[in-house]
Amino acid sequence: MKTKKLLLGDEALALGALNAGLSGAYAYPGTPSTEILEYVQGHPLTKERNIHSHWSSNEKTAVEEAIGMSYAGKRAIVSMKHVGLNVAADPFVNSGMTGANGGLLVIAADDPSMHSSQNEQDSRFYGDFAILPILEPSTQQEAYDMARYGFELSEKFNIPVLVRLVTRLSHSRATVEVETEPSAQNELSEPKNPKQWVLMPGNSRVRYKELLKDLEGFVESSENSPFNSYTEGEDKSMGIIVSGLASNYLNEIFPNGCPFPTVKISQYPLPKKMISRLAEECDSLMVIEEGQPFIEKQIRGLLDNGKKVYGKLSGDLVRTGELTPDEVRLGILKVRPELENLKKEEGLAVPQVTAPRPPALCQGCGHRDVYAALNDVLKEYENPKVFGDIGCYTLGYLAPFNALNTCLDMGASITMAKGAADAGVHPAVAIIGDSTFTHSGMTGLLDAINENTPITVIISDNLTTGMTGGQDSQGTGKLEDICRALGCTHVSTIDSLPKNHDEMMKLFREEIEYPGTSVIVSRRECIQTARRHAKKK
């Protein structure tokens with residue numbers, strides 16, 4: 001039996017995995033992927049079946065843990081935002097060599113337009129690089145359906161499957177038809193070929209040849225995928241290749257059906273036969289895809305016949321930010337200006353009637369008091385540098401604090417401060433959040449401790465992963481012990497409260513002057529989680 005639910009794209013994928021016999025969900029929170037694990041955590045089936053659903057310390061550990069569950073024959077998902085896949089790249093790329101036993105879905109949620117990210121990287125390139133099948137849902141219903149399909153695909157080829165989401169799909173809702181009876185979980189089972197799970201060169205050379213042979217099967221599966229389609233069109237002056245979410249925009253601007261033959265792609269590797277047929281039938285091609293020109297680059301090499309290809313590389317579609325129906329319409333008009341029905345839609349874009357509201361640290365946030373005290377102390381130095389990190393405290397870069405000089409990636413505050421101090425910069429201050437510190441700051445601190453590098457590390461501890469909605473932080477209650485266990489002998493703690501401003505200044509000044517590595521844990525609960533806790537009480 002089936003029923004209907006109103007779900008976010010993230011939730012649809014999570015529910016699809018639960019109903020397909022999920023045994024373990026692993027993740028590190030990151031917008032726009034956070035709701036996947038949160039949905040699993042809150043679902044009654046998780047408690048009933050004892051499904052693993054705890055947050056991991058970072059994306060690398062999450063992927064490795066999910067691979068471990070797959071090794072044991074169980075179905076697992078691991079989810080992260082696109083830049084999290086950089087952190088997980090080592091085990092992710094190598095997972096193509098180990099393969100999978102139980103079905104394994106690696107879910108990466110990309111963020112075109114950088115709503116809450118450092119870049120617009122496209123995770124499909126990672127999947128192609130690792131020689132893995134890729135699924136890219138275009139609707140919430142496809143996200144739900146692809147979970148079961150992805151597990152079956154993974155177990156058919158004994159290979160992990162990358163599922164690529166984008167912000168607009170992850171964070172929009174639609175009605176989804178779902179099963180009411182979940183499938184049973186897999187039993188424990190041994191891998192068919194234990195040797196390929198030990199990536200010694202002798203084993204890996206054999207496995208790589210097998211993986212390349214399997215690639216032919218991945219392509220054939222794409223040709224016959226229920227998520228890839230070829231739609232006829234009367235106007236063969238141009239063929240359209242559209243992928244994932246962008247297919248909705250094409251449907252929106254052609255509500256009565258697209259006049260051009262169209263290949264819709266939601267499973268990779270590319271369905272070569274479909275694309276070749278489109279190229280043979282049409283005079284030119286246009287590629288419409290959300291993110292970077294992944295398909296467009298590949299078909300230029302695949303066709304190699306001099307045929308005109310329109311898209312992001314040709315400048316006919318915007319290269320940065322998210323696509324919109326208007327952008328797609330204008331792109332088609334550039335190359336087919338005779339389409340009168342599209343011209344009539346010009347000027348229909350809804351004007352922005354609200355003033356933009358830049359993000360800011362919450363009133364009552366402890367990070368504010370850290371920056372206020374730190375800024376006052378650093379006025380006493382000629383050329384101080386503050387190395388920032390990824391978290392809500394990154395907003396300290398903006399007015400009124402203007403407190404940060406850098407922000408590269410998670411954990412880079414400590415390592416960049418160390419490098420600058422190695423070069424002679426003083427004072428070199430690193431500011432990092434509690435969750436980011438346990439995610440990827442500890443190893444950098446160990447480097448500094450081993451050389452007794454003169455840097456001051458401020459761990460601004462708000463007792464949660466605040467930026468992504470208040471998930472548990474792995475280091476809560478343990479930060480000072482962790483730093484001492486790493487070998488740091490100069491560890492101090494202070495409450496980041498307005499009344500402690502002068503005391504904070506005194507401590508910051510003392511530690512900046514200390515000729516070695518020192519850590520200050522500045523602690524105050526996130527104002528948002530504090531309110532939620534107060535409500536519950």
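Visitor: Which residue is the bridge partner of serine 492 in strand 18?
Guide: This is a predicted model: local features need pLDDT of at least 70, side-chain atom pairs count only at pLDDT 80 or more, and totals for chains, interfaces and linings use all residues. Residues are numbered from 1 along each chain as its sequence is written, and side-chain values use heavy atoms, with hydrogens and water left out. Strands (E, at least two residues) and helices (H or I, at least four) are DSSP runs, numbered from the N terminus. In strand 18, serine 492 has as its bridge partner isoleucine 520.

Visitor: How many bridges pair strand 17 with strand 18?
Guide: Two strands pair if DSSP finds at least two bridges between them. Strand 18 covers residues 518–523, and its pairing with strand 17 is parallel. The number of bridges is 5.

Visitor: What is the order of the strands in the open sheet with mixed pairing?
Guide: This sheet has 5 strands. Strand 8 (229–231) and strand 13 (308–310) stand at its edges. Its order is 8-10-9-12-13.

Visitor: Which helix packs on this sheet, touching strand 9, strand 10 and strand 12?
Guide: Strand 9 (residues 239–243) and strand 12 (residues 284–288) run parallel, joined by 4 bridges. Isoleucine 240 stands opposite methionine 286 in strand 12. The helix makes about 130° with the direction of strand 9. It is helix 11.

Visitor: Which residue forms an edge-to-face aromatic pair with tyrosine 71?
Guide: Rings of Phe, Tyr and Trp (its six-membered ring) pair if their centres lie within 6.5 Å; planes under 30 degrees apart count as stacked, over 60 as edge-to-face and the rest as tilted. The count comes to 8 aromatic pairs. In this one, the centres are 5.0 Å apart, with 80° between the planes. The partner of tyrosine 71 is tryptophan 197.

Visitor: How many residues apart in sequence are the parts that this pair ties together?
Guide: Tyrosine 71 lies in helix 4 (residues 59–71). Tryptophan 197 lies in the loop between strand 7 (173–179) and helix 10, so the parts tied together are separated in sequence by 126 residues.

Visitor: What is the volume of the second largest pocket?
Guide: A pocket is an open set of points on a 1 Å grid over the protein atoms alone, where a 1.4 Å probe fits, with protein on both sides within 12 Å along at least five of seven lines; lining residues have an atom within 4 Å of a point. Grid points are joined across faces, edges and corners, and the volume is the space filled by probe spheres set on them. For the second largest pocket it is about 260 Å³.

Conventions: Contact means heavy atoms within 4.5 Å. Axes are lines fitted to C-alpha atoms, for helices over the stretch in contact, and angles run from 0 to 180 degrees between N-to-C directions.
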